[in-house]
Amino acid sequence: MSNNLDALFNPRNIAVVGASSNPLKAGYIILDNLLSIGYPKKIFPINVSEKEILGIKCYKKLSEVEEKVELVILITPSEVIFDIMADLEIRMKKKNDVKVIVCAAANYGETKTPEGIRRQDCLINTAKRYGIRVVGPNCIGIIDNINRVDTTFVETLLPKESRGKKGGISFISQSGALAASILMMGASQPAPISMNKFISIGNMADVDFIDLLEYFEQDEDTKVIGMYMEGYPDGRKLIDTLARIAKKKPIIVLKVGRSEIGAKAANSHTGSLAGADAVYEAAFRQYGIIRVYTIEEMMDTLQSLDSGILPKGNNVFILTQAGGPGIYCTDAYMDEKILKLPVVEEKTKKKLTEILPDMANVCSPEGYADITAAANVYHHVESLRTVMDDDGVDSVIFITVVPTFLPRKELAEGLVKLLKNEGYAKKKPVYICIMAGNYVWECRKILEENGIRTYNTPAHCVKAAAHMVEYKWFLDSVRGVE
């Protein structure tokens, strides 16, 4: 079958087989999500007993829809798949228009029961006869924020005003629950993340990692690719594909099943053999694929690579307003063997000493400055400017714990002026951690709405900085840069 997945992400008309009028059912939520995201073409709910749902006319069978349908979403109980596929055959013989099926329902091949396998075979074999691609079964579907398609049955929490906004992250997940969690976490940030494309692939009975990676490789809107992965039957082919694409676009992988017990759990979840983890680990390192170990690390790295520029080198300066968080950051920093505290020029040290409060610690140790709790907005902004102006600094980790006497809004606006309006964010990466919690939420929101990424903790900044250096070094090695 061809890898033409255009109809998955930008279909001409969608049918929802198993649409429901019950707000607690997945068949209702899918329809509601399509309406909420503002899908611009036609939606055809298929339901044997309802005349209309959410104001949209219903059809008893897919074969009764007169207009063209390119994408079919299946959210019916798995035992009726035989009747649905028989009806699909009637439609295809008459109209031959369906290009992709998203089977959101579970209880197929992942059960490893004879009946589950028979249902999956019926779905896949019927689709194959007509060249129809199948996503799933046992998945939550796809989101394309640009083309305003949302076939999922989860609450993504993405506010209406953020839908349709262009972002450069495309994400593939083998787990529906984890996919939904990532969407919700992304939407719950100070400025919600609007992903470019997002897909949960479930059992991978047809459309799999390689199909989607190759699609994202060609997709001009995809700047960075994220993956949650349990396993894949042809590890060699997958690594070859990842290695080729990583030279063009960064790929971040949260690969689970590292432990023996985890590998068994992965096999029972989506029927995926996790594969020897050490083999994946070695291949990822060799081919510039960024491996992460937590969801937070993955989200930070995806956003850093989407919104920021790559550093020239590994000299990362730590600029902190508080001693404790600065020391905490330094310990995390030292764990990342790839990072190096820079020795800045004497004129940089002199300028920092001149502009900062008397009690400030300037470059003891080298590559580290504590501007102290006495620092006002001017001290924050000008110390960051001074450090970023030093040619020996490739990136800056900037940490502040905003005391009650430091105006949060003015701090955010001062940083926006420097980084966005004066263009400093385009000169070199800066990893901003404004601690802590809801007290500084509005401050972070102002920054993020202006395209300046913020991080929850200093350790998150360190991980993101290390991965950015890691990917830059990989690209340099590919291009033969010394």
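Q: Which residues is Gln-189 in contact with, leaving aside neighbours within four places in sequence?
A: Gln-303, Trp-441, Glu-448 and Arg-453. Contact means heavy atoms within 4.5 Å. This is a predicted model, where local features need pLDDT of at least 70, side-chain atom pairs count only at pLDDT 80 or more, and totals for chains, interfaces and linings use all residues. Residues are numbered from 1 along each chain as its sequence is written, and side-chain values use heavy atoms, with hydrogens and water left out.

Q: Is Gln-189 buried or exposed?
A: Buried, with a relative accessible area of 16%. Buried is under 20% relative accessible area, exposed over 50%, partly exposed in between (1.4 Å probe, protein chains only).

Q: Switching topic. How many residues of α13 are buried?
A: 11 of its 13. Among them are His-379, Leu-384 and Met-388. Helices are DSSP runs of H or I, at least four residues; strands are E runs of at least two; both are numbered from the N terminus.

Q: What covers those buried residues?
A: The cover includes β15 (316-320), α12 (346-355) and β19 (430-435).

Q: Now the rings. How many aromatic pairs are there in the whole structure?
A: Nine. Rings of Phe, Tyr and Trp (its six-membered ring) pair if their centres lie within 6.5 Å; planes under 30 degrees apart are stacked, over 60 edge-to-face, the rest tilted. Tyr-471 and Phe-474 make a tilted pair, 6.1 Å centre to centre with 35° between the planes.

Q: Where do Tyr-471 and Phe-474 sit?
A: In helix α16 (residues 458-479), three residues apart, so about one helical turn separates them.
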